[in-house]
Amino acid sequence: MSRIVDVGIDDTPRAGTAPLLKVRDLRVEFSSSSGRVHAVNGVSFELEPHELLGIVGESGCGKSVTSLAILRLLAKPAGRVVGGQVEFDGMDLLGLGDDEMRDLRGRQVAMIFQDPMTSLNPVTTIGEQLIEVVQAHTKLNRQEAEKRALETLELVGLPNAKSRLKNFPHQFSGGMRQRVMIAMALIMGPKLLIADEPTTALDVTIQAQILDLIGRVARETGAAVMLITHDLGVVAGMTQRIQVMYAGQIVETATTEELFAHPRHPYTVGLLRSIPRLDIGASRELIPIEGLPPDLTRLPAGCPYAPRCAWAIDRCLVENPSLTVPGTTEPAEGLPLGTHLAACWNPATDEEARAGMPASGHISAVSLAAQERAAAAAAALGGQS
Ligand SMILES: Nc1ncnc2c1ncn2[C@@H]1O[C@H](COP(=O)(O)OP(=O)(O)OP(=O)(O)O)[C@@H](O)[C@H]1O
Ligand code: SF4
Ligand SMILES: [Mg+2]
């Protein structure tokens with residue numbers, strides 16, 4: 001697990017710009033032998049040009065499927081979008097023809113995956129692969145395409161870029177391969193870069209360098225970034241805004257600073273207690289969230305976090321909350337980007353978030369069992385309240 005890395009990004013989302021990406025009520029299902037997997041369940045969000053947005057949540061919460069659905073790269077025939085809209089730069093992506101979509105993917109939206117080896121061709125040199133991308137999307141001749149390949153490798157800080165053009169992927173270290181992948185993603189100057197766990201396969205010092213690189217090239221090229229990770233520490237110093245996902249839904253969103261200072265959703269509170277925090281002292285114990293996410297083939301009627309939630313009240317078992325201004329019924333629609341929103345009937349106060357527990361006066365019978373499980377986990381780890 002990484003520590004919080006600060007790469008010096010301005011934490012303030014810009015106001016008044018038309019969104020680059022608008023996702024509305026996106027729903028994705030997979031058919032599987034155990035039934036229909038409800039992987040993404042009504043995800044709505046916007047991303048402004050040049051913005052750095054973090055998408056965070058435990059494994060299986062729908063982070064990758066959301067981005068694959070946006071890019072129309074869902075595994076076929078099992079996966080399909082069953083509802084919602086995706087608008088990118090004014091275009092309806094779900095209605096675009098396959099050829100137009102393919103062109104858009106290379107040119108305007110690019111994706112970096114966790115394992116660069118799955119995206120690089122092992123039997124072709126890096127130079128050839130970069131040149132191929134340029135020539136597939138432009139009318140540049142070979143010499144011009146090679147010049148662009150070289151410039152992009154230099155942009156991502158690859159030493160001896162000229163001679164490296166002749167190398168094959170296996171001749172690079174993991175960190176250098178990831179730099180090549182970033183070059184491949186950026187070579188057409190995309191408006192949006194989706195980085196899905198770009199540093200998970202790398203060791204900690206290289207992780208920080210790659211995050212720093214993504215932040216720097218985003219600033220230099222003006223690309224917006226969606227940084228997907230299971231680790232809140234990774235997005236802390238890197239993004240302007242964070243969306244926390246659980247069971248295929250966005251359960252909390254706020255500016256990065258606000259989310260870390262005032263988490264409202266009990267799941268975010270749990271995530272924050274499970275990562276090292278340089279800002280509040282290294283000696284604090286890390287407490288993992290007890291229990292498992294729900295089975296996405298059988299989602300409960302109420303809040304999907306209820307079985308793990310110490311804050312649960314009766315309503316949580318029967319009604320799934322929508323995103324609202326925490327503690328109010330004011331819906332998310334129409335509010336400025338960066339407004340703090342949470343999908344929770346009984347959001348945590350600052351004091352409760354610090355304690356990792358609801359104040360005793362507020363506890364209903366429903367949450368007692370869940371609370372006892374959380375307390376037992378804390379005690380097993382040294383008894384922090
Ligand atoms: N091809 C598939 N067939 C069936 N279910 C799938 C398929 N791909 C993804 N899913 C399911 O969709 C849900 C969301 O998966 P997704 O890959 O988006 O999770 P994630 O948040 O990216 O997790 P991780 O952090 O492990 O990458 C999971 O329950 C997963 O099992
Ligand atoms: S308090 Fe209720 S609505 Fe909020 S996270 Fe817990 S179970 Fe879900
Ligand atoms: Mg994933």
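This is a predicted model: local features need pLDDT of at least 70, side-chain atom pairs count only at pLDDT 80 or more; totals for chains, interfaces and linings use all residues.
Colleague: Thanks! How many bridges hold β1 and β2 together, and in which sense do they pair?

Modeller: There are 10 bridges between β1 and β2, and the pairing is antiparallel. A hairpin of two residues links the two strands.

Colleague: What does β1 do with β4?

Modeller: β1 also pairs with β4 (residues 79-88), again antiparallel, through eight bridges. One place to look is R24, which sits opposite Q85 in β4.

Colleague: So what sheet do these strands belong to?

Modeller: An open sheet of four strands, ordered β2-β1-β4-β5, with antiparallel pairing. β2 and β5 (91-92) are at the edges with a single partner strand each, so one side of each has no neighbour in the sheet.

Colleague: And the other sheet, what is its strand order?

Modeller: Seven strands make up that open sheet, in the order β6-β7-β8-β3-β9-β10-β11, and the pairing is mixed. Its edge strands are β6 (109-112) and β11 (341-342), each pairing on one side only.

Colleague: Parallel or antiparallel for β7 and β8?

Modeller: β7 (residues 192-196) and β8 (residues 224-229) are parallel, with five bridges between them. D196, for example, has I228 of β8 as its bridge partner. α1 packs on this sheet, where it touches β3 (52-56), β6, β7, β8 and β9 (241-246), and its direction makes about 145° with that of β8. Contact here requires C-beta atoms, placed from the backbone, within 7 Å. Axes are lines fitted to C-alpha atoms, for helices over the stretch in contact, and angles run from 0 to 180 degrees between N-to-C directions.

Colleague: Where does α6 lie on the sheet?

Modeller: α6 lies across β6 and β7, at about 170° to β6.

Colleague: Let's switch to helix pairs. At what angle do α6 and α7 pack?

Modeller: α6 (residues 174-186) and α7 (residues 204-221) pack at about 15°, their axes 10 Å apart. That makes α6 roughly parallel to α7 (under 35 degrees is roughly parallel, over 145 roughly antiparallel, 65 to 115 roughly perpendicular and the rest oblique).

Colleague: Which residues does α3 use against α6?

Modeller: I126, Q129, L130 and V133 of α3 meet V180, A183 and M184 of α6. Sorted by class, that contact has six nonpolar residues, one polar and no charged (Ala, Val, Leu, Ile, Met, Phe, Trp, Tyr, Cys and Pro count as nonpolar, Asp, Glu, Lys and Arg as charged, and the others, Gly among them, as polar). The α3 and α6 axes come within 9 Å and cross at roughly 20°, which makes α3 roughly parallel to α6.

Colleague: What about α2 and α3?

Modeller: α2 (residues 98-107) and α3 (residues 126-137) pack at about 130°, with axes 10 Å apart. That makes α2 oblique to α3. D103, G106 and R107 of α2 and V133, A136 and H137 of α3 make the contact, with two nonpolar, two polar and two charged residues.

Colleague: Last topic, the ligands. Which residues come nearest to ligand 1?

Modeller: Of the 17 residues around ligand 1, F30, A39, S59, S64 and V65 come nearest (around means a C-beta atom, placed from the backbone, within 6 Å). β1 (21-32), β2 (35-47) and α1 (63-70) each give two or more residues to that shell, and α1 gives the most, with three. The shell has eight nonpolar, eight polar and one charged residues.

Colleague: And ligand 2, which residues come nearest there?

Modeller: C303, C309, W311, C316 and C344, out of 13 residues around ligand 2. That shell has 11 nonpolar residues, two polar and no charged.

Methods
Residues are numbered from 1 along each chain as its sequence is written. Chains are lettered from A and ligands numbered from 1 in the order in which they are written. Two residues are in contact if their C-beta atoms, placed from the backbone, lie within 7 Å. Two strands pair if DSSP finds at least two bridges between them.
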